[in-house]
Every structure is written in structure tokens, then in C-alpha cells.
Amino acid sequence: NCLQAVTEDNPDLLSSFNASVQQVLETVMLCPESTMKHILLRTLIAGTIWNIKETIPPGSLGNMVNAILKIFSESLAVDAGETIIRMNEAEKNRLKPAAEAETEENMIDGTDNCAVSEDDGMEEISKGKISRECDISDLLPSDKWELKEVTALLMAQQTALEIIVNMCCSEDPSDDEWEELSSSDESDLFMENSYSEGSGLLMSPLCLSAEVHSAFLNNLIPKKILEKTAFPNSVALDICMQNPSWKPLIKKLNTVQCRALTCLHSILLVSDVDCLGGASALQSLAQHLSQLIFSKTELPEDMEFLEAITSALRALLQTMASKNISQCMTPEQLLALCEASIHSSNANVRVNVVSILGISGSVLAKVQDTAETLKMIGKFLLEVAMKESSLVVAGEALDALFDVFADGKEAEKAAVQMKLLPALKEFQPVFKMRIRKEGKGQYSTDQLCVLDNVKMNLRRFIAYQETLGKNPT
């Protein structure tokens, strides 16, 4: 674990990994043992080798990447829920002899208490001797090896998913950066700049190398990631809830699910539609994410889950919209999600949901008789832009508005009915003043650059709307 961590983003260590060291790592990585601890060991070694990939000869790179992803695939293929059930049963069977011995001891103690001894001192010595003879706890394993096995599996799966996220990036992000990637403002810029005109193929800055792309498909990595986005096994959750020492596993199960959703988001950003299985596969994926969000009576409140799933949904809807693939989630569902999530304390969640609404609205604007729905979406986004405390979220809401009302008769009709132009003209100086007053010191250079672009686009959009007013279609 330490080796995998210390080699990440540490070029100074690369010279220490000569051919003999690499040979040792490869030998350990190919260890055939099947315990969960060995799965974790192989995963960590695979992560270490990925971290030192610059030292691998170019001719061996393809085989190395395939070997790494094969290990990740094997790790992700293990059903954590079923493993918990199996290991919990193994623990019960292991502890059963001790429980029976304790019961037998209690029965003997009860018999001794019924037989009154004349010598109390001898009785105490006798009872102590019986207790020692019947206590076999020293012969049992002192550690909870079954629990450690499950913990090792979940750590292996989390590690594999995090490294796959790094593989999808042009540069390996730090722990904080890879989490921020799931909902950063730059995500939309990546999407907008990723498609080469006419070809639909993803280009830099987010692009899978040929070796990684091939290994992803060969080892069914997208399929394994999708499986991990499902909610944890309910029977396994019940076991963890009822056993205090196993209860911390619930958090680990949820973390694996969130990492899988972030991983899915990254895969969507760097893969073309055909690699993802085509239009029907994306529609099925949309239904799957919809079920994760709306399967319960109340929308999810867990912050990490909400950020991860809205990030994945945002990337998916953007991909589908760019390829004119019909979206399965209704505007009413998306509005409900946005209305529930816009008050989240996590700004990344708020950014995601307004972006989602903008994508959905831009698709609806091309459909007849959608003016009323577009008006609802527009009012929601306009209110967010005007009242949102974070300039980043307010800017994202404005960008979403520009997308929704960029073109089309239905959008034009809705804009007139909701009086969008006068509202934006009144808000424009307020937004400019907020950027000037709040921008410096509170936001990064990249964020200020994005906000400046939004400010410029707001001026252009107002001019565009004024043109429409003079020349209505």
C-alpha cells in the first residue's frame, strides 16, 4: 500500500526501478493465490507498475497495460455482497466450537453450584481449574480474518477504480483532483472540445491511448464498472448492520459504489459511443442511473453519492445529446432532481444539476409543443443564476440558459412568455459587479477565466435575443 502511494506522481523515484525490481513486481503481480488479501496485493502492485509506466520499454507497454487491467477486472469481478455473506457464515462456523464450549462450561458451573462443598477454599480452586481447562479461546485465532478478507477485497476494488479514473486522464490527478474531476467546471469544456468535427471521435485533452483503450475492451472494464455502480446487496447490508464489528463495511461498500460512478463518468468522457455499446447501451445506462436516483421514495441525500451520480448522469446526457440519442429521463424527473439538489451544501452537486437541466432543455428545444416545459426549466435556471451564492454555480446556470434558449421556435416562444430578455438585461450589471467584487481571492484563475467567458456570452446572448425581438420567426 505504501509503495503504491509513494510512487504516485513521484518522478524522482523512477530511477530506482530497474529491470530486476520490475521483475520482482511482475512476479508478485502474477501470484496465483486467490484470497482477498492476495487480490489486494496484486491490485496494489498493478497500481505501482502503472505509476512507474515511464520506465517500461515502449514495446512492452501494451502487454503491461493489459496485465494491469486484467488484475483490476478480476478484482472487480468478485461480488462483495456475496463475499460478505460467505465470510460471515465462515466466521459463525469458526466461532461455533467456542460458543459450544462456553455453554458446556456454564452447565458445569451450574452443577458445581448445586453440590455444596464443605471446603469453600477448595471449591474456589476447583472452579478455577475447571474454568481454565474449559477455556479454549487461546487456541482460536485472535484476529477476525474473515472481516479482514472482506475489507481487503473492498480496498482492492476501490483502488482499482481510482487507478482506472487516472488512466482516463491525460495526467494522473492527485486524490483531491480526481474527486473534483467528477464535477469540475472544466468537464463541459472537455466535452465541447473533445469531438472532432464530423467524426465523433474523442480527441485530446481527454483521450485513451490505444493500449489502454484496447485493454479496456479486452477485459470488459466498462461492464465491470457498471456492475459496481449498483446498490450494495441488501442481505449483506443487514449482516453488517447487525454485527458491530462488520458495520464499518457499509461505508466501504458505499465508497466503492461512488468510485464506480466517478469511474463511469470518466469512461463516458473519453470513449466514443460505439465503444460504449451504441445508442441502445447508453439508453439502458440512462435507465440504470434513473433507477439509482429515483428507486426510493425520497431522493438520495448522501453527498458523496449525489455528487458521483450527478456527475455520471451529466456526462451521459451530454454524450447522448451530442449524438442525437433520445433521452429516457423525463423533464419532470430531471426538474425534481434539480429542485431537490440545488440546495445541497456541495457546490459541485449544484453545478452538475443545472448543467443536466441545460442539456435536457437544449434537447427539448428542438421538439414541438415543449414551450411550457422550457419555460419551467428557464425560470428555474434564471432563479438559480440570480440567487445562487456561488458565482461558479450562477455562471453554470447562465451557461445552461444560453444552451436551452439558443435556437428554435419553442425556445423563442418560451423566452418571450417568461420575459427572459428584460430579466437578463437587469441582471447583467449585477453579475458583472459580483465578479469584480467577489472574484479575486475566492476563486481560482481557471474559475475566473470561465466566469469571464460567461460574462462575455451573457452580453452576446442578450444581443441575440434583442435581434430575435426585432425579427421574430
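Trainee: How much accessible surface does the chain have, and what share belongs to carbon and sulfur atoms?

Mentor: The chain of this predicted model has an accessible surface of about 23,600 Å², with 54% belonging to carbon and sulfur atoms; such areas come from the Shrake-Rupley method with a 1.4 Å probe. Local features need pLDDT of at least 70 and side-chain atom pairs pLDDT 80 or more, while totals for chains use all residues. Residues are numbered from 1 along each chain, and side-chain values use heavy atoms, without hydrogens and water.

Trainee: How is the packing of two helices read?

Mentor: One gives the angle between the two axes and the distance between them. Here, helix 4 (residues 61-77) and helix 11 (residues 221-228) pack at about 30°, their axes 10 Å apart. Axes are lines fitted to C-alpha atoms over the stretch in contact, and angles run from 0 to 180 degrees between N-to-C directions. Helices are DSSP runs (H or I, at least four residues) numbered from the N terminus. The pair is therefore roughly parallel, a term for angles under 35 degrees.

Trainee: Which residues make the contact?

Mentor: Helix 4 contributes Leu 69, Ser 73, Leu 76 and Ala 77, and helix 11 contributes Ile 221, Lys 224 and Lys 228; contact means heavy atoms within 4.5 Å.

Trainee: Is Gln 157 buried or exposed?

Mentor: Gln 157, in helix 7 (residues 145-167), has 1% relative accessibility and therefore counts as buried, that is, under 20% relative accessible area with a 1.4 Å probe, protein chains only. Leaving aside neighbours within four places in sequence, the contacts of Gln 157 include Leu 76 and Lys 228.

How values were computed:
Helix = DSSP H or I, 4+ residues; strand = E, 2+ residues; numbered from the N terminus. Parallel < 35°, antiparallel > 145°, perpendicular 65-115°, else oblique. Buried < 20%, exposed > 50% of the residue type's maximum accessible area, 1.4 Å probe, protein only.
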